[in-house]
Amino acid sequence: AISACEKGKKWEKSLVLLGAMAQNNMESTTISFGAAISSCENCGEWSQALMLFRSMERDNKDPSTMSINAAISACEKGSNWQMALQLCGVMPLSKLEMDTTTFNAAISACVKGTAEEKALQIFEVMAKSKLESNTISFSTAIGACEESNAWSEAVRLFSTMAHGTVDSSAFTFSAAIHACVRGGEWHRASQLFNVLAPSKVESNAIVFDAAVGACEEGGETEEALRICSKMASQNWVQLVSIRR
């Protein structure tokens, strides 16, 4: 029943059901707690999700990977990166291994909590593990580079994606370009855009806008117009007219 609340995003009902189990002397299980935590997390009720996780600990219930991942995702929504890292530390104590979802949620929690250096450190730990980083992992890490003006690291990560098996995204591409612009490397940003054609990334308004902004930052009017011309050829007329 609680799992149904999780899927139906009825977090309040999941809490009622947990309470009913206690009142009827029914023992709550790791699965029921995990489903309730996920229900709260899915509905953005991150503080409730963390309270449930603490209740689970007080009841001496062994956490599962699912329940910890849900709690870390709740920390992400609440920008509580310190708690997210504490929860990561719980896993080895409970003889649980971090999976891709764990790492991605922890990285994102650090980025949203403006702890970009921590986010990049976690990404490096993930890269050294047996787990394969996915598009979300790279996108979040490159976003951290953008926020912390680490343009060279952003370029390195994007290059790793481009030459690997992980698909790049428009968001990843634009974040790498913005990181270069913030670092005053507008020429490098323009170079990144020029490799768009042979890459697997589909150019869109976000990418074009980032590239044009980079050229404007560097005073490269002709390059900006060239990009605008390419935009027009790909039917991004509305954005071209806005820029002009």
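Tutor: Axes are lines fitted to C-alpha atoms, for helices over the stretch in contact, and angles run from 0 to 180 degrees between N-to-C directions. This is a predicted model, in which local features need pLDDT of at least 70, side-chain atom pairs count only at pLDDT 80 or more, and totals for chains, interfaces and linings use all residues. Residues are numbered from 1 along each chain as its sequence is written, and side-chain values use heavy atoms, with hydrogens and water left out.

Student: At what angle do the axes of helix α9 and helix α10 cross, and is α9 roughly parallel or antiparallel to α10?

Tutor: Helices are DSSP runs (H or I, at least four residues), numbered from the N terminus. The axes of α9 (residues 135-147) and α10 (residues 151-162) come within 9 Å and cross at roughly 165 degrees. Angles under 35 degrees count as roughly parallel, over 145 as roughly antiparallel, 65 to 115 as roughly perpendicular and the rest as oblique. The crossing at roughly 165 degrees therefore makes α9 and α10 roughly antiparallel.

Student: Is Ser 73 buried or exposed?

Tutor: Ser 73 lies in helix α5 (residues 65-77). Buried means under 20% relative accessible area, exposed over 50%, and partly exposed in between (1.4 Å probe, protein chains only). Because its relative accessibility is 12%, Ser 73 counts as buried.

Student: Which cysteine sulfur is nearest to that of Cys 75, and how many disulfides does the structure hold?

Tutor: A disulfide is a pair of cysteine sulfur atoms within 2.5 Å. The structure holds 0 disulfides. Cys 75 is in none, and its nearest cysteine sulfur, 8.8 Å away, is that of Cys 88.

Definitions and conventions. Helices (H or I, at least four residues) and strands (E, at least two) are DSSP runs, numbered from the N terminus.
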